[in-house]
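Please report on the fold, surface, cores and selected loop residues of this protein. Keep it brief.

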Amino acid sequence: MYLNRHAPHGTIYGHEGLEVVLVGAAFDQDVSMAFIGDGVFQLKKEQNTSAIETKNFSAAYRALKDYDVTRLYVELESLTERGLTSEDLMPLTYEDEDDDYKEKSAIQLIDRASLGKLLEAQNVILNF
């Protein structure tokens, strides 16, 4: 699991984390991502980086479905603490081949306790 804890801009963590996820998924690794703390801002829709003159890499999240990365866990408490709701997040979807190719959301809201249990079950956690 890739754990995203930093805001998307101001450091390299967000961009580098996404790049590592895409590389891992390209090599058929079982990839899931979790977003906690300021990391939830990485999935905020309509990001505009023109004022800080940095590359806006948020559109690259749409490529996750092409790499079969369909499990994006967003900690509900982190969203709430930052004044965000699920409506503030990008509409990242995938087609579920096991369910007649129905379009489904890749983003799953998860409470802090459940995320903790999910993290405990992981063999490898990469922190970004």
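The report below goes from the overall fold to single residues.

## Basis of the values

This is a predicted model; local features need pLDDT of at least 70, side-chain atom pairs count only at pLDDT 80 or more, and totals for chains, interfaces and linings use all residues. Residues are numbered from 1 along each chain as its sequence is written, and side-chain values use heavy atoms, with hydrogens and water left out.

## Fold and dimensions

The protein has three helices and seven strands. Their order along the sequence is β-α-β-β-α-β-β-β-α-β. The radius of gyration is 14 Å, close to the 14 Å that the globule rule gives for 128 residues, so the protein is as compact as a globular protein of that length. Helices (H or I, at least four residues) and strands (E, at least two) are DSSP runs, numbered from the N terminus. The radius is taken over C-alpha atoms, and the globule rule is 2.2 Å times the number of residues to the power 0.38.

Along the principal axes, the C-alpha trace spans about 45 × 30 × 30 Å. Take contacts (heavy atoms within 4.5 Å) between residues at least 6 apart in sequence: 77% of them join residues at least 24 apart.

## Surface and charge

Of the 128 residues, 38% count as buried. Buried means under 20% relative accessible area, exposed over 50%, and partly exposed in between (1.4 Å probe, protein chains only). The accessible surface comes to about 7600 Å², and carbon and sulfur atoms hold 46% of it. These areas come from the Shrake-Rupley method with a 1.4 Å probe; for residues, only the protein chains shown count as cover.

There are 12 positive and 23 negative side chains, and the centres of the two sets lie 4 Å apart. Lys and Arg count as positive, Asp and Glu as negative; His and the chain ends are not counted. Each charge is placed at NZ of Lys, CZ of Arg, CG of Asp or CD of Glu.

## Nonpolar cores

The largest nonpolar core has 25 residues. Met 33, Leu 43, Tyr 61, Leu 64 and Leu 72 have the most contacts inside it. The elements α1, β2 and β3 each give two or more residues to this core. The largest share, four residues, comes from α1. Apart from this core lies another, of eight residues, among them Met 1, Tyr 73, Ile 110 and Leu 119. A nonpolar core is a set of buried Ala, Val, Leu, Ile, Met, Phe, Trp, Tyr and Cys residues joined through side-chain atoms within 4.5 Å.

Leaving aside neighbours within four places in sequence, Leu 72 is in contact with Met 33, Phe 35, Leu 64, Leu 92, Ala 106, Ile 107 and Gln 108.

## The loop between β2 and β3

Gln 42 sits in the loop between β2 (33-35) and β3 (72-75). Gln 42 is buried, at 0% relative accessible area. Not counting residues up to four places away in sequence, Gln 42 touches Asn 4, His 6, Ala 7, Pro 8, Gly 14, Phe 35, Gln 47, Tyr 61 and Met 90.

Asn 56 lies in the loop between β2 and β3. Asn 56 is partly exposed, at 30% relative accessibility. Beyond four places in sequence, Asn 56 contacts His 9, Gln 47, Asn 48 and Thr 49. Asn 56 and Pro 8 are 48 residues apart in sequence, and 8.8 Å apart from C-alpha to C-alpha.

## Positive phi at two aspartates

Asp 28 is not a glycine, yet has a positive phi of about 60°. Asp 28 lies in the loop between α1 (13-26) and β2, and is exposed at 72% relative accessibility.

Asp 100 has a positive phi near 55°. Its place is the loop between β4 (93-96) and β5 (102-105). Asp 100 is exposed, at 67% relative accessibility.
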